[in-house]
Amino acid sequence: MNNKDLLNNIPTTNDEILAWLKQVVELTNPDEVVWITGEEQQLEDLRKEACGTGELIKLNDEKLEGCYLHRSDKNDVARVEGRTFICTETEEEAGPTNNWMDPAKMREKLKTLYKDSMKGRTMYVIPFSMGLVDSPSAKYGIEVTDSIYVVVNMAIMTRIGNEVMKAIEEKGEFTKGLHAKADLNAEERYIVHFPQDNEIMSINSGYGGNVLLGKKCLALRIASYLGKAQGWMAEHMLILGVKNPEGRQDYIAAAFPSACGKTNLAMLIPPEGYKKDGWEVTCIGDDIAWIRVGEDGRLWAINPENGFFGVAPGTSEKSNPNALASTKKNAIFTNVGLNLDDNTVWWEKLDKNPPKNGLDWMGQPWTPESGTNMAHPNSRFTAYAKNCPCISPAFDKPEGVPLSAIVFGGRRAKTAPLVYQSRDWKHGVFVGSIMASETTAAIMGQVGVVRRDPMAMLPFCGYHMGDYWQHWLDMENLAGDVPEIFNVNWFRVDDNGDFIWPGFGDNLRVIEWILKRVHGEIEAKDTAIGYMPEAQDINIDDCDISLEALESILKVEDNYWKEDVASIKEFYDKIGDRTPKELREELEKLENSLNL
Ligand code: SAT
Ligand code: MN
């Protein structure tokens with residue numbers, strides 16, 4: 001068939017789409033082109049086809065209805081930050097925290113890699129929407145891919161199909177995404193963004209954030225770039241709903257570096273006493289928030305995704321029953337272990353009963369005696385948000401939810417206290433810009449290596465970090481009624497290296513204080529780093545922590561902060577001249593108020 005015929009049954013008359021697809025077909029040379037309609041029958045046929053080739057494995061339909069297992073290549077199990085590029089016109093626009101290459105040069109390079117990459121394969125064309133189709137915040141994309149795994153994951157993580165196509169045709173604006181597995185050569189793996197062309201190109205990977213182009217690529221990197229120009233924000237944040245016993249409904253957006261319990265916080269289960277008193281916590285999103293100014297001048301957030309792409313190991317009935325429940329139906333597991341006795345899945349810390357007879361994430365025979373991990377530490381579940389028992393009724397609201405508070409968090413052994421509040425928006429932006437986590441050298445009370453991860457956006461900001469901070473500062477004037485900003489740290493350790501704060505559901509105790517501050521219901525101490533609670537202001541009834549221990553994690557040690565000031569200066573210098581002067585002033589204020 002010639003290329004013209006291949007595109008014969010593409011149901012659009014949109015010239016831009018057709019011209020682009022024609023180019024892609026010519027370059028990648030697929031045997032066949034399949035338009036993804038979003039209809040269940042088509043997806044079911046694709047899943048069947050993938051089971052035939054071993055790309056998917058159908059799991060026990062009684063215990064895990066409609067669920068599948070996929071194993072990625074063993075050299076392809078995580079995002080590749082070193083091979084992720086932001087190709088703006090100038091290197092300066094991408095800034096010192098992104099890899100950059102001249103767009104024309106990069107396109108040349110990619111052309112050779114994509115050439116004939118789909119020969120003998122089928123090309124799937126997926127129209128998808130981030131956000132509810134036809135809602136004011138929605139952004140549309142078309143992902144072209146040669147992977148069924150990508151199609152069926154996109155069907156969970158985003159809204160896909162014909163209704164999106166109609167919306168794209170009406171709006172005439174979409175992100176182009178091209179993904180080819182090629183030969184999965186890690187040396188030639190590229191995840192490339194052309195923000196100025198609203199385009200993403202991904203090659204030589206078949207895994208998660210490298211290939212599900214709606215997620216980190218569109219909803220964070222491209223969207224952050226668009227948001228800067230259009231006066232809104234794309235943030236790496238969960239969104240949580242909290243209703244107190246009086247029925248007051250608040251929403252909080254929170255950013256954490258990885259491995260800080262973000263998904264657990266997003267699906268928090270209140271402590272027993274709180275439940276009894278009538279507290280209700282609901283989840284709007286676990287990873288990404290798009291934040292806009294509402295007509296009321298407040299900041300409103302939506303979760304642009306339709307599902308969760310969560311880390312499996314450590315997810316259990318105890319740690320996160322809501323996440324686990326979400327995976328029981330129509331989920332896709334990637335790189336977890338397979339229990340051969342009942343055709344279900346297993347991962348480390350799921351429960352205390354590892355399968356006696358199973359295959360590990362690479363498909364090799366595995367037993368509890370093997371001495372290796374059954375699941376890859378970055379193995380994942382892809383699950384529909386609507387299957388989460390605590391999903392918020394506001395999840396599907398086109399206008400999103402108004403934010404009462406923004407929370408930044410980090411993993412600090414000694415420096416940051418359990419919680420503090422910024423003095424104002426500017427100070428809050430400073431607090432976000434200095435976010436950090438320590439490597440787990442924090443054992444035995446030692447302070448580990450500090451990795452700065454401003455607003456948890458280090459690998460996801462689609463332009464210069466200094467300009468991004470300026471955009472945050474500018475949002476105050478664009479909005480008028482901005483939320484309060486807080487910082488939390490669940491990870492203070494004692495001299496034995498043990499965590500002091502119990503975390504998980506008990507984090508609601510800290511959120512309660514945060515919301516009391518938001519509503520002006522409680523006083524706070526004014527300290528060098530911001531407003532802080534007295535220990536007795538945090539409710540620890542029936543909580544596994546003593547007042548003294550709580551006091552210890554509310555202590556701010558000036559000498560640790562002095563070290564931090566030095567490391568922040570270094571970080572700001574690395575970001576360079578575009579670091580807003582307001583943030584340098586905040587740093588100076590902090591330095592001057594430490595008692596040394
Ligand atoms: O692989 S993803 O980028 O989708 C998830 C993650 O690494 O945070
Ligand atoms: Mn994330």
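Modeller: On a 1 Å grid over the protein atoms alone, a cavity is a set of points where a 1.4 Å probe fits but cannot get out, and lining residues have an atom within 4 Å of a point. This is a predicted model, in which local features need pLDDT of at least 70 and side-chain atom pairs count only at pLDDT 80 or more, while totals for chains, interfaces and linings use all residues. Residues are numbered from 1 along each chain as its sequence is written, and side-chain values use heavy atoms, with hydrogens and water left out.

Biologist: Which residues line the second largest cavity?

Modeller: The second largest cavity has a volume of about 70 Å³, a volume being the space filled by probe spheres set on the points, with grid points joined across faces, edges and corners. By class, its lining has 4 nonpolar, 3 polar and 4 charged residues (Ala, Val, Leu, Ile, Met, Phe, Trp, Tyr, Cys and Pro count as nonpolar, Asp, Glu, Lys and Arg as charged, and the others, Gly among them, as polar). The lining residues are Gly131, Leu132, Ser135, Arg159, Ile302, Asn303, Glu305, Phe395, Asp396, Lys397 and Pro398.

Biologist: What space lies in the largest cavity?

Modeller: The largest cavity is lined by 13 residues, with Arg412, Ala416, Ile434, Ala436 and Asn487 nearest its centre. Its lining divides into 7 nonpolar, 4 polar and 2 charged residues. The space in the largest cavity is about 100 Å³.

Biologist: At what angle do helix H13 and helix H18 pack?

Modeller: Helices are DSSP runs (H or I, at least four residues), numbered from the N terminus; H13 covers residues 425-433 and H18 residues 581-593. Their axes, lines fitted to C-alpha atoms over the stretch in contact, lie 9 Å apart. Angles run from 0 to 180 degrees between N-to-C directions, and the angle here is about 85°.

Biologist: What does the C-alpha trace of the protein chain span along its principal axes?

Modeller: The protein chain contains 18 helices and 31 strands (E, at least two residues). Along the principal axes, its C-alpha trace spans about 75 × 55 × 45 Å.

Note on methods:
Chains lettered and ligands numbered in written order. 1 Å grid on protein atoms, 1.4 Å probe; cavity = no way out; pocket = protein on both sides within 12 Å on 5 of 7 lines; lining within 4 Å.
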